[in-house]
Amino acid sequence: MASATKPQSTASGVFFEGETARNTRGLLRIIILCTIAATAVASRLFSVIRFESIIHEFDPWFNFRATKYLVQNGFYDFWDWFDDRTWHPLGRVTGGTLYPGLMVTSGAIWHALRAISLPVDIRNICVLLAPGFSGLTAFASYLLTSELSDSPSAGLLAAIFMGIAPGYISRSVAGSYDNEAIAIFLLVFTFYLWIKAVKEGSVMWGAFAALFYGYMVSAWGGYVFITNLLPLHAFVLICMGRFSPRLYVSYTTWYALGTLASMQIPFVGFLPIRSSEHMSALGVFGLLQLVGFTDYIRQQLPSKQFQLLLRTLVLVIFVVAFGLLVLLTVSGTIAPWTGRFYSLWDTGYAKIHIPIIASVSEHQPTAWPAFFFDLNMLIWLFPAGVYMCFRSLKDEQVFVVIYAVLASYFAGVMVRLMLTLTPVVCIAAAMALSQILDTFLVAGEPAEPIEAPSTKTNDAKDKTVPGIPEVLRSTKGPLVGIYSYMSKAMITGAVTCYLLLFVMHCTWVTSNAYSSPSVVLASRLPDGSQHIIDDYREAYYWLRQNTKPDAKVMSWWDYGYQIGGMADRPTLVDNNTWNNTHIATVGKAMSSREEVSYPIMRQHEVDYVLVVFGGLLGYSGDDINKFLWMIRIAEGIWPDEVKERDFFTSRGEYRVDDEAPPAMKNSLMYKMSYYNFDKLFPAGQAQDRVRGSRLPAQGPELSTVEEAFTSENWIVRIYKVKDLDNLGRSHQDAGAFEKGNKKKKAGKRKGARVLRVD
Amino acid sequence: MRFTLLGLLLGFLGIVSALSATGSSLLVIIEEEADKSKYSQFWADLQGRGYEITYRSPKDTNLSLFLHGEPAYSHLLLLPPKSKGLGPNLTPNLLVDFINGGSNILLALSAEQAVPTAINSLLLELDINLPSDRTSLVVDHLAYDLTSSAEKHDVLLIPSAEPKKGVVDFFSVDGLVAFPRAVGQVLGNASPMLSSIVKAGASAYIYNPKEETEGVEDPFATGSQINIVSAFQARNSARFTVLGSSEALQDTWFDAKVRLPGTDYKAGKTSNKEFAQRLSEWAFKEIGVLRVEQVQHSLDEDTKDINPKIYRVKNDVRYSIEISEWDVDQWIPFNPPTGDAVQLEFSMLSPFHRLSLNSSPSTTNKDATAFSTTFRTPDQHGIFNFYVEYRRPFFTAIEDKQTVTVRHFAHDEFPRSYEISAAWPWISGIWVTIGGWLAFVAIWLYSKPTRDNKPASAKK
Amino acid sequence: MAPKKNAAAGANSQSTSSSTPATNTPVSNKPSSTSTASRNASTNPQDIATGIWENYVNNTPQRVKLIDTFMLFLVIVGGLQFLYCILAGNYPFNAFLSGFSATVGQFVLTASLRIQTNSANAADFKQLSHERAFADFVFGSMILHFFCVNFIN
C-alpha cells in the first residue's frame with residue numbers, strides 16, 4: 001500500500017505533507033534538487049565564461065533569428081512568416097515549416113519578464129534557455145525515476161546524472177539555442193506523465209501526457225520517438241498478456257488527445273494520419289479498442305475459449321492491419337517512409353540514395369568511444385539498471401526496458417540520437433547505483449557525498465518495499481556479511497570515488513569539448529594563452545556593412561543560417577535542407593567550370609560567393625574538405641554534368657596539388673579557395689596546411705568573379721560576381737583583352753561561312 | 001539603369017541647349033588641320049545643333065579621353081588617321097573604357113588609308129570583322145557612280161533599305177547615298193548588340209586594289225553580308241557607330257551629282273548631307289533614347305497601395321510602366337514600332353508570365369506612354385521580379401526590375417470551414433458530439449442520487 | 001510462448017479473483033449462471049450473442065446504461081460521418097478529421113469513464129473515486145473539443 005501512495009505524493013510535488021520527519025526529508029530533498037538544478041545550469045555556463053554570451057553553431061542562429069522575428073512582429077505574423085531572405089529566390093514558408101515550440105517558449109519568457117518590468121535582451125534569454133531547461137530536465141528525471149524505482153535515492157541520483165551527463169550537455173550548453181534544448185525536458189516529462197497515467201489509469205494524467213506530447217511535437221522533430229515508443233510499450237504489454245483497463249484508459253486518452261494536439265502544429269498537419277512513422281500508434285490504438293472490447297466481453301462471459309479467441313484475434317488483426325498499411329503505403333495514400341527514417345535502419349542507405357542526409361555530420365553512425373566519452377561510468381551501470389528492471393517487471397519497468405533497447409540502437413546509428421539515449425541511461429544507472437547503496441547502507445552512518453540516500457534510508461525499513469532489499473539481504477547477507485562497517489566503508493568509498501571521477505570527467509568534457517561556440521575558434525599560443533580566431537564574424541560583419549541589404553550571398557548550405565543571422569543577407573541555401581535540388585544547384589555551381597557556373601549564378605541573382613578555406617591556418621572544416629559532398633549532391637541531380645569520378649586522380653586519390661585532375665582544378669570552388677594563395681609564399685612554395693600538400697606553382701585565375709574580401713586568417717573568402725560584360729563578350733575574352741592579349745583574328749575560317757541574317 | 005537614367009537627366013538639365021540626350025561635348029580626332037575644311041558643312045551642321053566641338057590630333061600628347069577617371073567628352077568622332085596607329089592615348093583599352101563610361105563613338109574609316117591595327121582589334125572586340133588586308137574596299141559593278149568612278153567602280157550608290165517590320169526606321173532618306181571607297185564590315189553572328197544601318201548591294205564584294213592578281217578568288221565577303229555602316233550599342237546603351245567611308249561626310253559628296261549605270265535613272269544629287277545628319281543624330285543620341293518615367297504595380301482591386309513589397313499567390317496584380325523617348329529636343333511618348341510590343345516578365349528563375357503590355361491613349365500623357373497590364377500571380381510563392389527588358393535595334397535598352405515577394409496564404413486567408421458547404425456535415429458532427437456530451441453530462445449529474453445506491457451496494 | 005501464456009493466465013485469474021468479491025453479490029449470481037449456460041452452448045454463436053445480451057440487460061447499472069447509450073450515439077454519429085466521407089469524399093480533410101476524431105475521442109473518453117466507474121475494475125483504480133473519474137472525463141473532453149473546434153477552423 002505504501003508503495004502505491006508514495007509516488008503520488010512525490011509526483012504532485014507535495015513535499016511538505018506528513019509528519020516532521022517527512023517534512024525534514026522533504027525539505028532536504030527540495031534543497032538537493034535545487035542544488036542539482038543549479039549545478040546543471042552552472043556547468044553549462046563554461047561557454048559564456050570562456051568565450052562570450054553568443055549563439056553557437058549553425059541551427060541556433062536560425063532559431064535566434066526566428067525568435068527575434070517573433071518578438072518583433074508578434075505571434076500571428078510569425079505564424080504566417082514568409083521568409084524572403086533565405087532560399088533565394090524560392091523563399092521559405094518559415095512559419096509553416098518549423099517547430100515553433102522553442103521560439104514561442106523564449107518569446108513567452110521574454111514577454112513574462114517584461115510584464116514584471118524586467119526587460120532582458122532576447123539574446124540573453126536565447127543563450128540561457130538551454131541551461132535553464134536542463135535544470136527542469138533534472139527535476140523531470142527525478143520525478144520519472146521516482147515513479148520507476150522504489151528506492152528513495154534513485155530519483156536524486158538520476159537527477160544529478162541527468163544534470164551533468166555530457167551526452168546531454170553536448171546539446172544544451174549556454175548559447176546552444178536549439179530545439180533539443182527544451183525537447184529533452186519535454187521528452188522526459190512526457191514519459192513521466194505517461195508512466196503516471198499507466199500506473200493510475202487516469203484520464204487526467206493521460207490528458208496531461210497528451211498536452212506535453214503536443215508541446216513536444218511543437219518543439220522537436222524527434223517527437224516521433226515518443227510516437228513510436230508509447231505504442232510499442234502498449235503493444236508489448238498486450239503481448240505479455242498484461243492488458244488492463246488502466247492501459248486502455250491511458251493509451252486511448254493519450255492517443256486521441258495527443259494526435260489532435262500534434263495536428264494543430266502547421267508543420268505536422270496531417271502527418272499523424274498520413275505518414276508511416278505514425279501508423280504504429282494508430283494501429284495500437286485500434287488494437288486496444290479490440291482488446292478492450294474482447295476483454296469486456298470476457299468479463300461478461302468468462303470462458304477458456306476466450307483466451308484463444310483473444311490471441312487469434314490479436315494476431316489476425318495485427319496481420320491485417322500491417323497488410324493494409326503496406327498496401328496503403330504502396331498505393332501512395334500514406335506517405336512512404338522518409339529518407340531519414342530509412343537511414344535509421346540501414347546505415348549505408350543514406351550514403352547511396354540521399355547524400356544530403358549523409359553529409360550532415362550529426363547523422364553519421366556513432367563511434368564507440370563516443371559512448372564512454374558522453375556517458376562515462378553510466379554506460380556500465382546502464383545494463384545493471386536494465387537488469388534491475390527485469391527483477392520486478394511491472395508495467396513501468398517494461399517501459400524502461402523497451403526505451404533502453406530502442407534508444408541504444410538508435411544512438412548507435414546516429415550520433416545525434418545519443419541525446420535520446422542519455423535520459424534512460426541516467427535513469428537506469430541511478431536505479432542500479434541506488435540499489436547498491438540501499439543494500440549496503442541500510443543501517444549505516446553513510447559518509448557519502450550525496451546526502452539523499454542517507455536521510456532516506458533511515459526510514460527505509462518501515463517504509464520501502466519489502467521486495468528487493470529484503471531479497472538481497474536474505475540471499476547475500478549471511479554469505480558476504482554486509483552488515484560490517486568494513487564492507488560498508490569499502491562500498492561507500494568505491495562509489496564515492498566513482499562518483500567523483502564521474503563529476504571530474506563531466507566537468508572536463510563540458511569545459512573542453514562542448515563549450516566551443518564554433519563561430520569563434522580558439523587556439524593556444526606557444527605561451528599557453530588563448531588566441532581567439534574570429535574570422536567568421538569578421539567576414540559576416542564585412543558583408544553586413546559593405547554590401548547592399550538585398551545582396552544575395554551564395555555559399556554552401558552550412559553557412560546559410562549564420563549568414564542570415566549575423567550578416568543579415570539573403571542566402572540561396574541554408575541548414576534547413578528542404579529543397580535538395582536547390583542545394584544541388586549550388587553544388588553544381590561550385591563544382592563546375594566558371595563558364596557553367598556563371599549562368600547559374602546570374603539566374604539566381606547571386607551577388608557574392610562565400611567560401612571557407614582553412615588551408616592557411618590548418619582549419620579542417622573547410623569547403624574543400626566538404627567539396628565531395630557538393631559534388632555528390634550535384635551528381636544526384638545532374639549525373640551527366642557533374643561526375644564524382646572526375647574529381648579523383650586516376651589512382652582514386654583526392655588531391656589539390658599538381659596532380660589534381662582538371663575537373664578539380666577548373667572548378668569554381670577550387671579556384672576561389674586557392675585564388676592568390678600562392679602569392680603569400682615564395683614562388684612554388686605554397687602549402688596547404690589542411691591537406692598537407694604543395695600547391696601548383698601557377699595559381700588559379702578567375703574571370704567571372706572578383707575577390708571582394710578575405711578575412712584575417714583566410715578562413716572566409718568572399719567574391720563578388722561580375723556583371724555581364726558591357727560589350728557582350730565572355731568574361732574570359734574580356735579579361736584577356738584587359739591584359740592586352742590580341743584577339744585571334746577571325747581570318748580564314750574553316751568550312752562553310754555562317755552568314756548573318758537580320 | 002537607374003544611374004544611367006539619372007546621368008541622362010542630369011546631362012540634359014546641365015546643357016539645355018544641347019540636342020543630345022547625354023551631353024554636347026564632342027571630340028573630333030583629326031590628324032591634319034588641313035583636312036578639317038573638307039568637312040566644313042558637317043561641322044556647321046553639328047555646331048548648329050549645339051555641339052561644342054574640340055578638334056585634336058591623335059599625336060597630341062595632351063589628348064586624354066578621361067578627366068578624373070570619368071569620360072571627358074560625351075561623344076567621340078574618329079576620322080581615319082594618316083599614320084599607322086592612333087597613338088598611346090587612343091588605345092583599344094581606353095576606347096573600350098570610354099564606351100563603358102557611357103560615351104558614344106562614331107568611327108569613320110576609309111579605304112584610302114590602311115586601317116590601324118588598334119582599330120582592328122577594337123572592332124574585333126565588338127565582333128565586327130574588317131578585311132584582313134587593311135586596304136581592301138568595296139566595289140559593286142552594278143551600283144557605282146558613273147560620274148566619279150566609271151573605271152574603278154569604288155563609289156557605291158546605295159538607296160535606303162526597305163524598313164523592316166518591327167524595327168524602327170531612323171535612317172531612310174530619299175535618293176541615293178554615295179559611299180566612296182568604303183571599308184566593308186562583316187558583323188559577327190553571335191552579338192545581338194550589333195545591327196546594320198547600311199548594307200552593300202547584292203552584287204558588291206570586297207576587293208584589294210593593291211593585289212596584283214587578276215580577278216578575285218575567295219573574297220572576304222560578298223553581297224549584303226558587307227556592311228557599309230553598322231551600329232553597336234553596348235549594354236549601357238553607349239553607341240558605337242562604324243561608318244565605312246569617311247569621305248561620305250565630306251563637302252564634296254554632300255552636293256555631288258551622281259549617276260547610276262543603267263538607263264532609267266537620271267543623274268541626281270546625293271542625299272549624303274541628310275544621311276550624315278541622321279547618322280550623327282543617332283550616333284550622338286539625339287534620337288532613339290528611351291527612358292522609364294515611372295513604374296507602378298499594385299493589387300488590381302486596391303490601387304491606393306502603390307508598389308507594395310509583398311503580394312500573395314493568386315493575387316490580381318496591375319502593372320504599368322511609363323516610357324518616353326527623346327526626340328531631338330524633347331521627350332515624347334514612346335510608341336513601339338508596328339509589330340513590336342513592350343513585354344513584361346513576371347519571373348522567378350524563369351518567367352511565369354510573359355505578357356505584352358498595352359498602351360491606351362487615355363493613360364498617355366504629354367511626354368510618356370503608360371504601358372500596362374493586369375494578371376494573376378502564379379500559385380507559387382517566392383521572390384519574383386517584374387522585369388521589363390526592351391532591347392531593340394537602334395533604341396537604347398530599357399531594363400527595369402522590380403523585386404517583390406509573393407507569399408503563401410496566411411493562416412487566416414483560407415476559407416473558414418463554415419464557408420465550405422462540403423464541411424458542414426462534419427461541423428454538425430462535432431457540434432452534435434459536443435451537444436450529446438453536454439446532454440450526457442447533464443443527465444449524469446442529474447442522475448447522481450440514483451447512482452449512489454449502486455456503489456454503496458457494491459461495497460457490501 | 002509458454003511463459004507468455006502462463007503470465008496471461010496468471011493475470012487473468014488475478015483480475016477475476018479480485019473482481020468477484022468486489023462486485024455485487026446479487027449481480028454476480030446472474031453472470032455465473034449465464035456463463036455456465038453459455039459455456040455449455042459455446043459452440044453456437046447465436047447463443048453466445050443472446051447470452052451476452054441478456055447478461056447485459058440484467059446486469060448493468062442504470063448509469064452504465066446511460067454511458068452505453070451515449071457511446072452508441074457516438075458510434076452512430078461517427079459511423080455516419082465515415083460513411084459520408086466514403087460516399088462524398090473527404091474534401092476539407094481537416095474538417096473530416098476533426099469531425100471524425102471528435103467522435104472517436106469522445107468515444108474512448110467515455111469508454112474510459114465507463115471502465116473507471118465500473119466496479120469490476122476497482123482493483124485497477126484504487127485511488128480513483130468516481131467523482132474524480134468524472135472530473136477527469138470532463139477535463140479530457142473539454143481539451144478534445146477545444147482541439148477539434150480549433151482544428152476545423
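A salt bridge here is a side-chain nitrogen of Lys or Arg within 4 Å of a carboxyl oxygen of Asp or Glu. Welcome to this predicted model, in which local features need pLDDT of at least 70, side-chain atom pairs count only at pLDDT 80 or more, and totals for chains, interfaces and linings use all residues. Side-chain values use heavy atoms, leaving out hydrogens and water, while residues are numbered from 1 along each chain as its sequence is written, with chains lettered from A and ligands numbered from 1 in the order in which they are written.

**View 1. Arg235(B) and Glu399(B) form a salt bridge.** The closest N and O atoms of this pair are 4.0 Å apart. Across the interface of domain 1 and domain 2 of chain B, the rule finds one salt bridge.

**View 2. Chain B is divided into domain 1 (20-285) and domain 2 (288-407).** These bounds come from an automatic or database domain assignment. Taken over C-alpha atoms, the centres of the two domains of chain B are separated by 36 Å. In contact (heavy atoms within 4.5 Å) are 19 residues of domain 1 and 17 residues of domain 2. The two domains of chain B bury about 1400 Å² between them, 61% of it on carbon and sulfur atoms. Of the area that domain 1 buries against domain 2, Gly166(B), Val168(B) and Arg235(B) supply 29%, more than any other three residues. Buried area is the accessible area (1.4 Å probe) that two parts lose on being put together, summed over both.

**View 3. Chain B meets chain C, with 28 residues from chain B and 41 residues from chain C in the contact.** Together the chains bury about 2900 Å², 75% of it on carbon and sulfur atoms. On the chain B side, Trp426(B), Trp437(B) and Trp444(B) lose the most area to chain C, together 29% of what that side buries. Between chain B and chain C the rule finds zero salt bridges.

**View 4. UniProt lists residues 423-446 of chain B as "transmembrane region" in an unreviewed entry.** Such annotations may be inferred rather than shown by experiment; their positions follow the numbering used here, and feature names are shortened. This span of chain B is 96% helix and 0% strand, with its end C-alpha atoms 34 Å apart. Helices (H or I, at least four residues) and strands (E, at least two) are DSSP runs, numbered from the N terminus. In chain C, UniProt (unreviewed entry) places the "transmembrane region" feature at residues 70-89 and 133-152. Residues 133-152 of chain C are 100% helix and 0% strand, and their end C-alpha atoms lie 28 Å apart.

**View 5. In chain A, strands β1 (residues 521-524) and β2 (residues 530-533) pair in the antiparallel sense over four bridges.** Two strands pair if DSSP finds at least two bridges between them. Look for Ala522(A), which stands opposite Ile532(A) in β2(A). The two strands form a hairpin with five residues between them, and Gly528(A) in the turn has a positive phi of about 90°.

**View 6. Leu349(B) has a positive phi of about 65° although it is not a glycine.** Most residues other than glycine have a negative phi. Leu349(B) lies in the loop between β22 (343-348) and β23 (350-356) of chain B. With a relative accessible area of 32%, Leu349(B) is partly exposed, a class between buried (under 20%) and exposed (over 50%), using a 1.4 Å probe and protein chains only.
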